[in-house]
Amino acid sequence: MAREDRTVTAGFPARQRGRGAVVTGGAQGIGLAIARRLLEEGARVVVADLDQGALKRALDELAPLGEVAGVRADVSRREDVIAAIDVCRERFGSLDVFASNAATADMLPLLELSEEAWRRMIDINLTGAFHCIQEAAREMRRGGGGSIVATASTNAFWVEANTAHYSASKAGLVALVKTAAIELGGEGIRVNAVAPGMVRTRLTRFLTDDPVEGPRYLERIPRGRYAEPEDVAAAVAYLASDEADYVTGELLVVDGGVSVGVPLAATEEPLPGAER
Ligand code: NAD
């Protein structure tokens, strides 16, 4: 089958036309791709991010695509999340889509994981998402419904060494999303998550761009390439849209098949003593 031209950016369906959206961690990486995709589908977007410099650069990039506003926000502070939602309602009329995407990540062996490092990770990745989901749901209930999509990770169920704090935060996030989905379905609010595998962003460049480890990791990915932020944004845009109207409490894995099993390349070596 002929490959699609992945550089084409025009022609997305106008699935989010007239909607107000907030994207946390939207100043770069996956969040920036989500903000761009929602704008391209017609939403008006508030980008909420901790990093003032990255936020400014993102707004410059996104402004030609539609109506966009920026709020400096730390998701671990509830009042910052509320402020971002207020801007969305006041500037764009309603909060219809909330992408809870902001997170931090680092790798530390369990036995070297300090209490401080553990708490910081949980504060941002899990308590931050709790603030976002709860405040977004309160606003959406007032507005008659909406769609919340959280960025989890394959680490929620398929862990790697040295990620106890990160993996636990993402596993907790998935449980939070599922619980929210069953409590909020009757309010017209859907709550879903995406689980990206290895996406080429600043969080992962130490591995994806490593001349030795990069190609070695790639062999484990059945799809044969790393994800781009746009791959995840497409899944978020689908879950946010009415096309996913009957989908809630779902974890949509976007990992090129890596967590499904071992690809052929990794099984080509014959087992010891086996005839080929
Ligand atoms: P990134 O570092 O490129 O972007 C994250 C953004 O979040 C940054 O702009 C940062 O300033 C912002 N941020 C960090 N802490 C914040 C806070 N407390 N409040 C508000 N904003 C904050 O990272 P990314 O790779 O784009 O990751 C985005 C999401 O995807 C995260 O939830 C991450 O866990 C998840 N994820 C990433 C990968 C990957 O391979 N890159 C894989 C699985 C899941």
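How many residues line the largest pocket, and which of them lie nearest its centre? In this predicted model, the lining of the largest pocket is made up of 44 residues. Nearest the centre of the pocket are Ala103, Thr104, Ala105, Tyr166 and Leu203. The space in this pocket comes to about 1100 Å³. Several elements each contribute two or more residues to the lining, namely α1, β2 (44–49), α4 (115–143), α5 and α6 (205–208). Of the elements, α1 gives the most, with three residues. By residue class, the lining comprises 21 nonpolar, 14 polar and nine charged residues.

The next matter is what the pocket holds. The ligand sits in the largest pocket. Two elements give two or more residues to the shell around the ligand: α1, which spans residues 29–40, and α5, which spans residues 164–184. Both α1 and α5 are also among the elements that supply two or more residues to the lining of the pocket.

The shell around the ligand can then be considered residue by residue. There are 27 residues around the ligand, and those that come nearest are Ile30, Asp49, Asn101, Tyr166 and Thr201. In composition, the shell consists of 13 nonpolar, nine polar and five charged residues.

Tyr166 has a polar side-chain atom 2.6 Å from an oxygen atom of the ligand. Gln28 likewise places a polar side-chain atom 2.9 Å from an oxygen atom of the ligand.

Key. Residues are numbered from 1 along each chain as its sequence is written. This is a predicted model: local features need pLDDT of at least 70, side-chain atom pairs count only at pLDDT 80 or more; totals for chains, interfaces and linings use all residues. Side-chain values use heavy atoms; hydrogens and water are left out. A residue is near a molecule or strand if one of its heavy atoms lies within 4 Å of it. A polar contact is a pair of N or O atoms within 3.5 Å; within protein, one must be able to donate a hydrogen and the other to accept it, and residues adjacent in sequence count only if both atoms are side-chain atoms. On a 1 Å grid over the protein atoms alone, a cavity is a set of points where a 1.4 Å probe fits but cannot get out, and a pocket is an open set with protein on both sides within 12 Å along at least five of seven lines; lining residues have an atom within 4 Å of a point. A molecule sits in a cavity or pocket if more than half of its atoms lie within 2 Å of its grid points. Helices (H or I, at least four residues) and strands (E, at least two) are DSSP runs, numbered from the N terminus. Ala, Val, Leu, Ile, Met, Phe, Trp, Tyr, Cys and Pro count as nonpolar, Asp, Glu, Lys and Arg as charged, and the others, Gly among them, as polar. Grid points are joined across faces, edges and corners, and a volume is the space filled by probe spheres set on the points.
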